[in-house]
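Have the structure open as you read.

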Amino acid sequence: MIVPGSRSQALAAALATTLDDTLAVPEFDRFPDGETFAAVPAAGTDTPERAVVVAATPSNDAYVELLQLQDALREAGVESLVTVIPYMGYARQDKVFEPGQPISARAMARAVSTSTDRVVLVTPHEPAVREFFDVPVDIVDAADRLAVPLAGLDTPLDDPLFLSPDDGAIDLARAVRDAHGAGDTDYFEKTRHSGTEVSIEPSDAPVEGRDVVITDDIIATGSTMAESVAVLRERGADRIFTACVHPLLARAARTKLEAAGVERVYGTDTLERDVSVVSAAPVVADVL
Ligand code: R5P
């Protein structure tokens, strides 16, 4: 039985189809005081031996909902429970940056571990986050799925450059290039001055008249991508695509990108947004 969290309904459905498994329809509600409520009526009537919860956790409520779904399934008697976290919130607070701070990723991982046998993470910000869980963790990478929409362009990419905004994301750019089958890779140097203030130091890669695909794991506030697009525009790049696994798109991210002159913004369905044009289901299904 595949059980979706409210933020992962399309991905869970795609997984159920791919795996030819039952898709449970949970009940999502909210009490008058704001508390969330999530239940799995189907597990109460016909308890499966094994269940897979699929729940992105981009917010506090999403985390609580995931804990409730896990607990409901255990309460119903599910013996083997796998938790797929397509996008793991708080994963970027994975260390104490200033004295007195929490390791939020660890706190969340411990809570999620209490009612599951195994966890699957999709392209986590840092793979080392797996160490925070008390159960076995499988990591899958959905980066190569980002090549799929490029194959369907009306005007195919011509001599593309696959670029990452910093050296930490160069593997992602390479994965997309390899899956696309042609093109160069390079990376910019990024400095983050504050939560939303980012500056980008361009590389020497020739971009004039060229199609560029900027790849990153997350587009959050959009500052990283918008700065990168602006730099490329100044240097005469032709079409500029921004591709990410997790299209968080917080605050005015989308507008920032449009204002910077992006050709297209797209991502996978690890977070369900209007730009989630390609599914991570095949890579998750493989590991399940
Ligand atoms: C950071 O290292 C990540 O890989 C992303 O570059 C970052 O989360 C993007 O954030 P924003 O969209 O707020 O610039």
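Contact here means heavy atoms within 4.5 Å. Keep in mind, too, that this is a predicted model.

Leaving out residues up to four places away in sequence, arginine 264 touches Pro149, Leu153, Ile240, Phe241, Thr242 and Val277. Arginine 264 belongs to strand 14, which covers residues 264-268. Is arginine 264 buried, exposed or partly exposed? It counts as partly exposed, because its relative accessibility is 30%. One of its contacts, isoleucine 240, is 24 residues away in sequence, yet the C-alpha atoms are 7.2 Å apart in space.

As a general point, the strands of a sheet pair through backbone hydrogen bonds, in either a parallel or an antiparallel way.

Take one pairing as an example. Strand 8 (residues 161-164) and strand 12 (residues 212-219) run parallel and are joined by 3 bridges. Within strand 12, valine 212 is the residue opposite leucine 161.

**Histidine 246**

Strand 13 also holds histidine 246. This one counts as buried, because its relative accessibility is 2%, and the cut-off for buried is under 20%. A polar atom of the histidine 246 side chain lies 2.9 Å from the backbone oxygen of threonine 123. Neighbours within four places in sequence aside, histidine 246 is in contact with Pro86, Tyr87, Val122, Thr123, Asp217, Ile218, Ile219, Thr270 and Leu271.

**The ligand**

Asp217 turns up again at the ligand. Which residues come nearest to the ligand, out of the 13 around it? They are Asp216, Asp217, Ala220, Thr221 and Thr224.

On its own, the ligand has 380 Å² of accessible area, and the protein covers 89% of that.

**Aspartate 117**

Last stop: aspartate 117, in the loop between helix 4 (104-113) and strand 6 (118-122). With a relative accessibility of 35%, aspartate 117 counts as partly exposed. So what does its side chain reach? The backbone nitrogen of leucine 81 is 2.7 Å from it, and the side chain of arginine 74 makes a polar contact with it at 3.1 Å. Both partners also show up among the residues that aspartate 117 touches: Arg74, Glu79, Ser80, Leu81, Val135 and Pro136, again not counting residues up to four places away in sequence. Valine 137 is 20 residues from aspartate 117 in sequence, with a C-alpha to C-alpha distance of 9.3 Å.

How values were computed: Residues are numbered from 1 along each chain as its sequence is written. This is a predicted model: local features need pLDDT of at least 70, side-chain atom pairs count only at pLDDT 80 or more; totals for chains, interfaces and linings use all residues. Side-chain values use heavy atoms; hydrogens and water are left out. Two strands pair if DSSP finds at least two bridges between them. Helices (H or I, at least four residues) and strands (E, at least two) are DSSP runs, numbered from the N terminus. Buried means under 20% relative accessible area, exposed over 50%, partly exposed in between (1.4 Å probe, protein chains only). A polar contact is a pair of N or O atoms within 3.5 Å; within protein, one must be able to donate a hydrogen and the other to accept it, and residues adjacent in sequence count only if both atoms are side-chain atoms. A residue is near a molecule or strand if one of its heavy atoms lies within 4 Å of it. Accessible areas come from the Shrake-Rupley method with a 1.4 Å probe; for residues, only the protein chains shown count as cover.
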